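Please open the model in a viewer and keep a selection tool at hand.

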Amino acid sequence: MYPVSKAFLQAVQENTRRYYWTGRITTTKGVVYEFGPGDIVRGSGYISGQCCNSTEIELGTVYAAEMGITILSNIDRYTLEDALIEMFYHLRLLDGNYEEVPMGFFEVSEANRKIKCLELKAYDFMLRFEKSFNGFETVGNAYDFMELCCKACKVELAQSREVIEAMPNGKEALSVYTDNDIETYRDVLYYVGQVLGGFFCINRSGKLELRKYGNEPVMEIGTKHRFTSSFSDFITRYTAVSSTNMKTETAEYYHLDTDDGLTMNLGVNPLLQFGLKETREQLCMNILNDLSVVDYVPFDSDTIGNPALDIGDVIRFKGGQADDTRISAITSMRCKIGGKQTLKGVGKDPRLAHAKSKNDKNISGLLNQINGNKEAGKVGIHTFTNASAFTVAGTDVKIISIEFATHEDVMAQFFGSVIVDVKADQVERSVTARGNMVIPAVEVEDVAEDPAVIGRTKEQTVTVEFPVTWTEDGHALVHFTFELNDEVIRIHQPEETWHSGKHTILLYYPVENVVPDITNVFNVYMRVTGGTCDVDTGSCIASISGQSMGAAAAWDGKVEIEESTAKFVLGGGMKVKSFDGEMKMETMELVVRSYSDTVGRSDIGAFCKPVEMEENNV
């Protein structure tokens with residue numbers, strides 16, 4: 001619920017209320033048009049939003065809110081393309097003052113003229129994420145992916161890194177699986193929302209916000225505040241999740257100890273494909289724990305309305321057919337400007353879900369696997385985008401890392417573009433300046449009572465030298481190093497010398513000696529001498545393309561271990577910037593031992609002759 005005053009909550013519960021709506025239109029050229037209640041055609045305005053489809057609870061959804069309104073105005077409709085609309089609700093409090101509640105930001109998608117009226121339809125900023133995404137080699141945690149999407153689509157984030165990383169799965173390192181159905185940044189947010197156990201929406205301030213389902217009601221709605229209402233005779237509960245593992249092409253099933261509820265089908269999430277089975281299990285169980293708070297009664301109700309309610313809010317109905325011991329969640333909302341507010345909460349019946357086996361779930365989002373025969377001769381591409389910002393100084397920093405595999409011994413091509421903000425060190429410059437100084441003729445007084453110096457001296461010119469010192473920006477030398485499968489490529493190492501400011505470098509290298517049927521890794525390192533370079537999120541993009549490229553090959557047994565530590569102090573106060581360590585690895589040889597034993601003669605049966613027996617075991 002949007003934070004409002006207690007006086008607002010009290011006034012909105014009264015039998016009668018006095019309120020009005022206003023709005024503001026801002027064109028792309030900065031022209032502002034204000035409109036009030038007298039300009040709004042009665043019954044024409046609405047604001048609607050949802051976080052689920054019409055049948056069941058969902059995770060990771062990225063639905064856009066819609067607004068429609070007709071106003072009396074002579075504004076040229078052609079100037080309203082991509083214009084920004086802000087809507088406000090004003091409620092009179094018991095003390096006579098009005099409290100304003102913002103209802104959101106919307107961008108105009110349609111503007112139609114009807115004689116004296118202007119009919120507008122607009123959507124919130126969620127549609128900005130309908131841009132093509134190509135950072136399939138991106139690695140980072142959930143916040144890094146959110147920040148990358150928001151920066152690329154020019155939408156602000158509502159939550160800080162600390163808030164997101166404090167959530168279950170918030171600190172987990174995520175990477176996009178090579179074979180996926182991601183097309184836009186909106187798709188990326190959908191899968192990130194699943195991992196975090198919530199859904200995304202654009203809040204009233206126009207910022208991207210992650211919300212989760214809860215179990216604490218924000219308000220109660222009695223019979224006198226409802227025009228119509230209907231409630232289901234079941235409770236929607238989830239006790240299991242199902243996620244498809246693309247490598248094994250099987251559905252993995254995770255459940256609570258008491259598994260008697262619904263199963264949330266996560267389908268094929270590209271962010272849940274890497275890591276050990278234990279890691280996937282932990283991620284899915286964290287999602288299930290967030291989902292297990294869902295214990296809602298589905299409903300559909302027309303109410304007198306409370307514009308402070310938000311999608312995902314938990315409410316309690318009282319009176320009439322409602323069970324005041326249960327709670328419900330708002331999964332869709334339609335607020336009529338000057339009219340009713342329709343609330344709806346969806347959900348499935350757990351009893352009907354048991355009609356089919358839990359192992360016979362409809363796994364949505366299965367992707368077609370591309371085998372090696374189909375990939376032969378086709379050009380594939382692997383892309384990379386940095387999901388987090390970093391600073392480069394005097395040591396090598398890995399800025400690009402792309403894993404790829406081919407089914408043939410072919411040549412690949414690497415392309416990269418890096419936008420850097422250079423801060424060159426200050427250097428001190430000095431020169432010796434030389435010039436002539438003229439000493440004018442002067443009258444010499446008789447201060448020494450010496451007739452030889454009394455009178456007028458001649459004008460003289462003398463040469464003087466003096467130092468001039470100043471400080472200015474120097475030059476930063478930026479060095480790039482390529483590496484293929486842990487071998488540094490020394491034949492080609494680009495360098496640039498830059499002043500302070502923003503610069504862009506284009507990188508290219510033909511990758512030869514690509515080993516087929518294993519995972520090849522191409523890395524790019526960056527080092528700066530005489531300054532530092534900042535690379536912002538999304539400012540480093542790269543790709544590797546070539547024939548017969550496909551999904552990553554089977555694991556080749558390579559294990560990479562990386563550890564970092566903050567600065568620490570040894571005894572005596574000496575600060576250590578870095579340290580060296582050793583890691584030993586050895587392979588244990590299989591020790592084969594043998595033994596033999598001789599058994600003497602013995603009577604083992606009436607029909608068997610005693611024999612000499614020798615037993616060997618290896």
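Select Glu165 and Asn141: their side chains are joined by a polar contact of 2.9 Å (a pair of N or O atoms within 3.5 Å, one able to donate a hydrogen and the other to accept it; residues adjacent in sequence count only if both atoms are side-chain atoms). This is a predicted model, in which local features need pLDDT of at least 70 and side-chain atom pairs pLDDT 80 or more, while totals for chains, interfaces and linings use all residues. Numbering starts from 1 along each chain as its sequence is written, and side-chain values use heavy atoms, without hydrogens and water.

Glu165 lies in helix α3 (residues 161-165); helices are DSSP runs of H or I with at least four residues, and strands are E runs of at least two, numbered from the N terminus. Leaving aside residues up to four places away in sequence, Glu165 touches Asn141, Gly170 and Lys171, contact meaning heavy atoms within 4.5 Å.

Next, select helix α5, residues 277-291. Its buried residues include Arg280, Cys284 and Asp290 (buried: under 20% relative accessible area, 1.4 Å probe, protein chains only). The buried residues of α5 pack against helix α4 (185-196) and strands β14 (236-245), β15 (250-255) and β16 (262-267).

Then display the largest nonpolar core, of 67 residues: buried Ala, Val, Leu, Ile, Met, Phe, Trp, Tyr and Cys joined through side-chain atoms within 4.5 Å. Helix α2 (residues 142-153) contributes its largest share, 8 residues. Finally, select Ile400, Phe480, Leu507 and Cys540, which belong to a second, separate core of 35 residues.

Conventions
Buried means under 20% relative accessible area, exposed over 50%, partly exposed in between (1.4 Å probe, protein chains only). The expected span of a helix is 1.5 Å times one less than its number of residues.
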